[in-house]
Amino acid sequence: VRSAALAWQLFMLRALKRKAAKAPDHLQARFRAMGSEMGLRRNVTLLVGKNEGPCAIGFLRPTVIVPQNILKAEEADAILRHELAHIDRRDDWASLFQQLVVAIFFFHPAVWMLSRRLSMEREIACDDQVLAARPNRRNYALLLTEFAGQPGGSRFTAAPAAWGRKTQLKRRIDMILNKNRNSSPRSSRRSVGMMGVGAVLAAALGIMFAPQVAVAQATTEPASPDEEIASEDVVPPRAGVGIGAPVPRAP
């Protein structure tokens, strides 16, 4: 079921690309300049959707889709930098691999927990990329709340950018407003790497110990009362020891 849902989401993301229109020339120019500033090595297309929230749709032909209501240059720069950070970090492929692991190890609660944590760490890492060039933390936090309720890419787990997950919004805003936190993009990359290693170890432990637990449960099942006992398993009585009714103990 998880694999089928992931395949359906990938199909819907392709349809989302086809429905989106080309971005205006002035927005395209800022988009290309920002990609060059960030040292982006992938060719990214900028599209504008009608009702879609900001999202990065990657894989072979990465695309960034932004909503039509982006009018202020300051807001557009923050959104474009956040989505370009996803493409630059190759979060599209990382998110796809993560969802495949969750689909395979659907029975493992640690994999589910680490998957949610990885998604959060990716968003925080891209927020740190924005903060590295945008020191006004309060305005960026307000921008997150503005786009939090918009539909679109947030409903796709295969898309690495998720602006509409309200459960993650509070933590992201707390991290953005925390000036004592190390918001270096390099530190965020290490954090995501450690979480990824933890997810792989949890999956490996699930493979190693699941068969052992199954065998242990099978060997500890009680025998049926109707099961016959082999004659060689019966221990004969010792010489001089009679078998009869138990002798009552003296009061």
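A residue is called buried when its relative accessible area is under 20%, exposed when it is over 50%, and partly exposed in between (1.4 Å probe, protein chains only). This is a predicted model, in which local features need pLDDT of at least 70, side-chain atom pairs count only at pLDDT 80 or more, and totals for chains, interfaces and linings use all residues. Residues are numbered from 1 along each chain as its sequence is written, and side-chain values use heavy atoms, with hydrogens and water left out.

The protein has 8 helices and 4 strands, where helices (H or I, at least four residues) and strands (E, at least two) are DSSP runs, numbered from the N terminus. Their order from the N terminus is α-β-α-β-β-β-α-α-α-α-α-α. Of the 251 residues, 44% count as buried. Among contacts (heavy atoms within 4.5 Å) with a separation of 6 or more, 72% are between residues 24 or more positions apart.

Arg81 lies in helix 3 (residues 73-88) and counts as buried because its relative accessible area is 12%. Apart from neighbours within four places in sequence, Arg81 is in contact with Met34, Glu37, Met38, Gln129, Val130 and Ala133. Cys126 belongs to helix 5 (residues 109-133) and is buried, with a relative accessible area of 0%. With the neighbours within four places again left aside, Cys126 is in contact with His82, Ala85, His86, Arg89 and Asp91.

Two of these partners of Cys126, Arg89 and Asp91, are themselves joined by a salt bridge (3.0 Å, N to O). A salt bridge is a side-chain nitrogen of Lys or Arg within 4 Å of a carboxyl oxygen of Asp or Glu, and the structure holds 8 of them. Both Arg89 and Asp91 are buried.

Helix 5 also carries Arg117 and Glu121, 4 residues apart, about one turn of the helix. Their side chains meet in a salt bridge (3.0 Å, N to O). Arg117 counts as partly exposed because its relative accessibility is 38%, whereas Glu121, at 8%, counts as buried.

In helix 7 (residues 166-177), Asp174 and Lys170 are likewise 4 residues apart, about one turn of the helix. The salt bridge between their side chains spans 3.2 Å, N to O. Asp174 is partly exposed at 40% relative accessibility, and Lys170 counts as exposed because its value is 60%.
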